[in-house]
Amino acid sequence: REFLNQSLMLLTACWLNAAQCELRLGEFDLALRGYRTVLLGIPGSTKALLGQGMALAAMGNPACLDSIGNVIAIEPNNKAARMLLEQVSRPGVLAAHDERREHDATRLAFMRALSDGDARAAEASLSACLDAVQMGDCASLPPGLVGLATV
């Protein structure tokens, strides 16, 4: 029995470490898989809940609030959870991720239209990109078009 407990603890530590590495590398889906694997075996693992909350927050997923809330319910003085909650609770933080995904989709549509030779679709996508520039978001432009749009 002691061997099984030690094995479970070792596997849990391995999954948590792997998930933390994936989180730092920006591989949020893989990090979530690791944290959720730990939570299957240890549902109250605050390390896994916090990591899951961090990954979901990085993805702009409002479900991060549930994970963070669970950590705070278990450990009311958990500073990392409270800091993360403060960050994601700021107005527009989760919405900014949705806006970024929309800009990325617009940029992708433009690049596809260009590569497909579809001038009408490319023009529509470029128009959306230029609208973003007028709102001060040059990052949504495809590489090489920032200079053209700001001339």
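A: Buried residues make up 30% of the 151 residues in the protein chain; buried means under 20% relative accessible area, exposed over 50%, and partly exposed in between, with a 1.4 Å probe and protein chains only. This is a predicted model, where local features need pLDDT of at least 70, side-chain atom pairs count only at pLDDT 80 or more, and totals for chains, interfaces and linings use all residues. Residues are numbered from 1 along each chain as its sequence is written, and side-chain values use heavy atoms, leaving out hydrogens and water.

The protein chain has eight helices and zero strands. Here, helices (H or I, at least four residues) and strands (E, at least two) are DSSP runs, numbered from the N terminus.

Now for the loop itself. Between α3 (46–58) and α4 (64–74) runs the loop that holds Gly 60. Gly 60 is buried, as its relative accessible area is 3%. In sequence, Gly 60 and Leu 94 are 34 residues apart, yet their C-alpha atoms are 5.0 Å apart in space.

Next, look at helix α3, where you will find Thr 46. Thr 46 is buried too, with a relative accessible area of 13%. Leaving aside residues up to four places away in sequence, Thr 46 touches Val 71, Ile 74 and Glu 75; a contact means heavy atoms within 4.5 Å.

Stepping back to the protein chain, consider contacts between residues at least 6 apart in sequence: 40% of them join residues at least 24 apart.
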